[in-house]
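Please read the following briefing alongside the sequence and the coordinates.

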Amino acid sequence: MSDISRRKVLAGLAVAPLAPLVGGVITRAGGQIDKFPKAMSPREKLQARYFPNFELTTHEGKKVRFYDDLIKNKIVVINFFYAQCEGICVPITQNLKRVQNLLGKRVGREIFMYSISLKPEQDNPQALKHYVQMHKIKPGWTFLTGKPEEIAILRRRLGFFDSKAGLDKDLTNHIGMIRYGNEPHQWWAMCPGQANPPWIVESILWMEPKHDVHT
Amino acid sequence: MSTLWYHDHRVDFTSQNVYKGLAGFYLLFNQFDTGDETTGFHLPSFPNFDIPMMFNDKNFDPNDGLVAFDLANRDGILGDKFLVNGKIQPFFEVKRRRYRFRWLNAGPSRFYRFYLTKSDLTNHPFWVISNDGNLLKNPVQTTSGLMIAVAERMDVIVDFSSFAAGSIIHLENRLEQCDGAGPTNNILAAGQGAKVLQFRVVSDPVTDNSVNPATNPTFYQVPTRVTEQITRCFKFDRNNGQWVINDKLFDCNEVRFRVKRNNAEIWKLEGGFNWSHPIHVHFEEFQMLDRNRNTPTLIERGRKDVARLGENDDVTLYFRFRDFVGRYPMHCHNVIHEDHAMMLRFDIDDVGNTNESSCGFSR
């Protein structure tokens, strides 16, 4: 067995022992049903809680479903921005361009980058397309807009809100973190969008089970 | 060093992993703190009368009873269930004698102020003997509760000999906290707080060879200070939801400053801005010299490795770095803040540098 495939197997084993505890109905010796009914799997729970399957539109005008088309079975990097933002969006976009360059051909094949508009009323697909062209952003990084009320829900679900309501309403104070994750492995975390790009890349590459940066 | 603990420290994932249970105690004994009440400092014998207690507050999924971690929370997670050594609000039978309890706040985010509440809602006093695993100079009696931030360890002596068999005493957290940012600093009325643990006094005959803290035994004198070579300052803040220390974000590969081994240093930590942070420094312990321009309490004057920064607090710490070179972090031990990059890296070597030593403090 090659080193890489052995690691894949080990990564699979690491999550397997949880499955019997959470998947189905646990019956006792006498056939008595345990207190809790059949529950969702941990992966289904994450989907239900954090990844609503809203319809979004890409900067190329394509309709996509958030979970089915953008998240499911993927390694992803997500941030929120808006095209007219004069605060931290520009440095974060520039930072993520360096991240995209460092990740190279992986972006769009193994790793998918998404920037979701905080001002979907203004940021129609044409505005997003203009932003992509203006910043010379390469394929594999998709800019997204959608129904304002659904974007608002998505933003909260993904943890891009300030718990202090006054600050949350102030778009100039919007959250500069980026969320990264591996959906099938149920690994989700965040790092600052203005962090040093090689460090962001290292964090994202941890999401590849075969990747071995920390040995 | 006596009451230590260990836990997973995976960068960006610490809170999730520790929330699911990857934490434990690591207890050390020596010729003074022997674990045998007939020898050394005569502290209550391990394990019958020397009991580690790890506190967590967690949330559970009502559909399946499994622990539920909120990935979208970046402020700090408060649980509605209080756990002691993994059990929700358990009871513990005690005999009519002295016990040593090793209290650890294992997070993820809550600050506790613990009282021992009797059934008539008066407080039972107890003695603090050790902070962050280091015995104090002398026991310190408290009747006004004991603060414990995440990752702090407080060893206490509780004397149950005055209670009749059948008495009930609650370990009660009376510090009000409504969100992950920090406690409100309101102290709730006796009986209105969270009853974390119930002590039930039993009538079994028992001997007690442990030292009476009221006799003021001397345990440990902190070492004399040597002249500090440098003062460094650290301001903990937040920009666009991103934690910064001296306005910089975390990068594991960036050495923010270098400490010269065998030198003494002063670190001033300025925190808050409406957030509370338990700041933890790896490798070397410190003496707290100052808290908000006041001498710290006797309880905070032992050797420590966590500095509690309440809203708008500042503290001055004295370090003497010894023994090893290497790479170490300083981070907030509200593990939700920690996982959102409230951290920096410093290295200890034989050269050192003066980075982070221009102290432009706002207060």
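Arg102(B) is buried, with a relative accessible area of 0%, where buried means under 20% relative accessible area, exposed over 50%, and partly exposed in between (1.4 Å probe, protein chains only). This is a predicted model, in which local features need pLDDT of at least 70 and side-chain atom pairs count only at pLDDT 80 or more, whereas totals for chains, interfaces and linings use all residues. Residues are numbered from 1 along each chain as its sequence is written, chains are lettered from A and ligands numbered from 1 in the order in which they are written, and side-chain values use heavy atoms, with hydrogens and water left out.

**Arg102(B)**

- Arg102(B) belongs to strand β7 (residues 98-105) of chain B; helices (H or I, at least four residues) and strands (E, at least two) are DSSP runs, numbered from the N terminus.
- The side chains of Arg102(B) and Asp50(B) are joined by a polar contact of 2.7 Å, that is, a pair of N or O atoms within 3.5 Å, of which, within protein, one must be able to donate a hydrogen and the other to accept it, and residues adjacent in sequence count only if both atoms are side-chain atoms.
- Not counting residues up to four places away in sequence, Arg102(B) touches residues including Phe25(B), Leu27(B), Phe29(B), Asp50(B) and Met154(B), contact meaning heavy atoms within 4.5 Å.

**Asp132(B)**

- Asp132(B), in the loop between β9 (126-131) and β10 (134-142) of chain B, is buried, with a relative accessible area of 0%.
- The side chain of Asp132(B) reaches the backbone nitrogen of Asp305(B) at 2.9 Å and the backbone nitrogen of Val306(B) at 3.0 Å.

**Strand pairing in chain B**

- Strand β15 (residues 228-239) of chain B pairs with strand β18 (residues 264-270) of chain B in the parallel sense over seven bridges, two strands being paired if DSSP finds at least two bridges between them; Lys235(B) stands opposite Glu270(B) in β18(B).
- β15(B) is also joined by four bridges to strand β16 (residues 242-245) of chain B, and these two run antiparallel, with Ile245(B) in β16(B) as the bridge partner of Phe236(B).
- The hairpin formed by β15(B) and β16(B) has two residues between the strands, and Asn240(B) in the turn has a positive phi of about 45 degrees.

**Helix α6 of chain A**

- In helix α6 (residues 125-134) of chain A, the buried residues are Pro125(A), Leu128(A), Tyr131(A) and Val132(A).
- They cover an arc of only 120 degrees around the axis, which puts them on the same side of α6(A); the arc is that of the directions from the helix axis to the C-beta atoms.
- Gln126(A) and Gln133(A) are exposed on the other side of α6(A), while the cover over its buried residues includes β1 (55-58), β3, α5 (89-103) and β5 (141-146) of chain A.

**Nonpolar cores**

- Of the 70 residues in the largest nonpolar core, Phe51(A), Phe66(A), Ile71(A), Ile78(A), Ile116(A) and Leu158(A) touch the most other members; such a core is a set of buried Ala, Val, Leu, Ile, Met, Phe, Trp, Tyr and Cys residues joined through side-chain atoms within 4.5 Å.
- Strand β3 (residues 75-81) of chain A supplies the largest share of this core, six residues.
- Apart from this core lies another, of 32 residues, among them Ile51(B), Trp103(B), Phe114(B) and Val201(B).
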